Amino acid sequence: MDQLFNGKDLTGWKMHPKANKDSKWFVTEDGFLTGSGPASHLFSEKGDYENFQYKIEAKINDGGNSGQYFRTEFGPGFPNGYEAQINARTATRSAPAASTRPAAWASTRTRSRFMNTAPHKPNELFTQEVIADGDHLIIKVNDKVTVDWKDPDNRYKKGPLRGCSTTTRRAK
């Protein structure tokens, strides 16, 4: 299995040159990749992923909002692509608890699939797994399927992985 994150430093990851300079990404002493500050994104330098499976360990504070974008474009701001949302609160249209969505359609409920309550508590360590196979997207939280969806438009076929700030996570 190919490792996405080495647990020591930001090798293999980069921010976009036009990212907010007040956003910070760092690795904690216990090996967590952490984002803080204004919304920002950290991109994998390992190319364009098409069909894949990855699993992370994550923890998010109460009120935090984060996720992993996949099959996205390298660019500033919020990307076109899909997002596996991380959130420890009750869902709203703008902040689902565990979802996949084309980011360009984030406010269109018919284009989102999400749970109404988070499957974990704030500050609790959990796993999130993403499986992307063509138009079929599956997200599992603590080995429980939270999303099993086929994108009828199959919009995003490949792209880099990108993390969104305000969570702590460790990629496997």
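**R71.** I looked up R71 and found it buried, at a relative accessible area of 2%. Buried means under 20% relative accessible area, exposed means over 50%, and partly exposed lies in between (1.4 Å probe, protein chains only). R71 sits in the loop between β6 (65–70) and β7. Strands here are DSSP runs (E, at least two residues), numbered from the N terminus. I then checked the backbone of R71. Its phi is near 55 degrees, a positive value in a residue other than glycine.

**Ground rules.** I am reading a predicted model, where local features need pLDDT of at least 70, side-chain atom pairs count only at pLDDT 80 or more, and totals for chains, interfaces and linings use all residues. Residues are numbered from 1 along each chain as its sequence is written, and side-chain values use heavy atoms, with hydrogens and water left out.

**N142.** I looked up N142 next. Phi of N142 is near 50 degrees, again positive in a residue other than glycine. N142 belongs to the loop between β11 and β12. I read 37% relative accessibility for N142, so it counts as partly exposed.

**Salt bridges.** How many salt bridges does a search of the whole structure find? I get 3. The criterion is a side-chain nitrogen of Lys or Arg within 4 Å of a carboxyl oxygen of Asp or Glu.

I took K55 and D143 to begin with. Their side chains meet in a salt bridge at 3.4 Å, N to O. K55 lies in strand β5 and D143 in the loop between β11 and β12, so this pair ties together parts that are 88 residues apart in sequence. K55 is partly exposed at 25% relative accessibility. D143 is exposed at 56%.

I moved on to R155. Its side chain forms a salt bridge with D151 at 3.4 Å, N to O. R155 also meets D153, at 2.6 Å, N to O. I noted that shared partners join D151, D153 and R155 into one network. Is D151 buried or exposed? D151 is buried, at 0% relative accessibility. R155 has a relative accessible area of 22% and is partly exposed. D153 is partly exposed too, at 41% relative accessibility.

**Q85.** I checked Q85 in strand β7, which spans residues 82–87. Q85 is buried, with a relative accessible area of 1%. I also looked at Q85 against N65. They are 20 residues apart in sequence and 7.8 Å apart in space, C-alpha to C-alpha.

I finished with β2 (residues 24–27) and β3 (residues 33–36). The two strands run antiparallel and are joined by 4 bridges. Strands pair if DSSP finds at least two bridges between them. F26 stands opposite T34 in β3. β2 and β3 form a hairpin with 5 residues between them. In the turn, I found G31 with a positive phi of about 90 degrees.
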